[in-house]
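Subject: Structure handover

Hello,

Here is the structure I promised to pass on. Please open it alongside this email.

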Amino acid sequence: MQKHLLALTIVLAGGFAGSAFAADGMSKDAYKAAKDKIETQAKADKKACETMKDNAQDVCEAEAKAKEKIAKAELDAQNKPGARADEKLRMTKAEGEYEVAKEKCEDQKGAAVETCKKDARVAYDKARNEAQAKGKSDTRAAGANKS
């Protein structure tokens, strides 16, 4: 019984120590490797779009670009965690969704294109405002925790 308790204590202590080191961010080598992986994936995604035609290609390229930006923002948030990084990530996601939505609107005809783009802009503005509001509340909460 005592051996199991000791083993459990060691495992838990190691887990807490590991999470404390993770809060400091990533090593430069790990960050560079992850960034290189994101860029390689982005190139592959963009290359896959080359076989498409017309607006389908534009939508594919917008999705690939948004995916790359979001992945880089997620990486930055992992590397330097905090309220500012979280807000940047939320903003990047909102911008990516907006760019893709605008491209998808091009498949519409006539007045529907403008209506679609206006709807996309409204959704973007809402997401952006929510991201900023959440960022402000996270910043206030972090400031309150320091007191």
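My notes follow, from the overall fold down to single residues.

**Confidence**

Please keep in mind that this is a predicted model. Mean pLDDT for the chain is 82. A score of at least 70 is reached by 77% of the residues.

**Overall fold**

The chain has five helices and zero strands. Read from the N terminus, the order is α-α-α-α-α. There are 147 residues, and 21% of them are buried. Among contacts with a separation of 6 or more, 61% join residues 24 or more positions apart. The accessible surface is about 10,700 Å². Carbon and sulfur atoms supply 57% of that surface.

**Disulfides**

How many disulfides does a search of the whole structure find? The search finds two. In sequence order of the bonded cysteines, the pairing is 1-2, 3-4.

Take Cys49 and Cys60 to begin with. Their sulfur atoms sit 2.0 Å apart. The S-S torsion is about -75 degrees, so this disulfide is left-handed. Cys49 belongs to helix H2 (residues 28-49) and Cys60 to helix H3. The two cysteines are eleven residues apart, and the pair links distant parts of the chain. Both Cys49 and Cys60 are buried.

Now the other pair, Cys105 and Cys116. Here too the sulfur atoms of Cys105 and Cys116 are 2.0 Å apart. The torsion about the S-S bond of Cys105 and Cys116 is about -75 degrees, which makes the disulfide left-handed. Cys105 is in helix H4 and Cys116 in helix H5, eleven residues apart. Cys105 is buried, with a relative accessible area of 0%. Cys116 has 22% and is partly exposed, because buried means under 20%.

**The aromatic pair**

A search of the whole structure also finds one aromatic pair. Tyr98 and Tyr124 form it, and the pair is stacked. The ring centres are 4.7 Å apart, with 20 degrees between the planes. What does the pair tie together? Tyr98 lies in helix H4 (residues 83-105) and Tyr124 in helix H5, so the pair ties together parts that are 26 residues apart in sequence.

Are these two tyrosines, Tyr98 and Tyr124, buried or exposed? Tyr98 is buried, at a relative accessible area of 13%. Tyr124 counts as buried as well, at 10% relative accessibility.

Helix H5, where Tyr124 lies, covers residues 111-146. Leaving out residues up to four places away in sequence, Tyr124 touches Ala94, Glu95 and Tyr98. The C-alpha atoms of Tyr124 and Glu97 are separated by 7.6 Å. Tyr124 and Glu97 are 27 residues apart along the chain.

**Asn55**

One more residue to look at is Asn55. Asn55 is in helix H3 (residues 54-79). Its relative accessibility is 11%, so Asn55 counts as buried. What does Asn55 touch, not counting residues up to four places away in sequence? The contacts are Glu103, Lys104, Glu106 and Asp107.

**Where to look**

For a quick check, start with the stacked Tyr98 and Tyr124. Then view the disulfide of Cys49 and Cys60, and that of Cys105 and Cys116.

Best wishes

How values were computed
Residues numbered from 1 in each chain as written. Predicted model: local features only at pLDDT ≥ 70, side-chain atom pairs only at ≥ 80, totals over all residues. Heavy atoms only, no water. Helix = DSSP H or I, 4+ residues; strand = E, 2+ residues; numbered from the N terminus. Buried < 20%, exposed > 50% of the residue type's maximum accessible area, 1.4 Å probe, protein only. Contact = heavy atoms within 4.5 Å. Areas by Shrake-Rupley, 256 points an atom, 1.4 Å probe, with all protein chains shown as cover. Phe/Tyr/Trp six-rings, centres within 6.5 Å; stacked < 30°, edge-to-face > 60°. pLDDT = per-residue confidence, 0-100. Disulfide = S-S within 2.5 Å.
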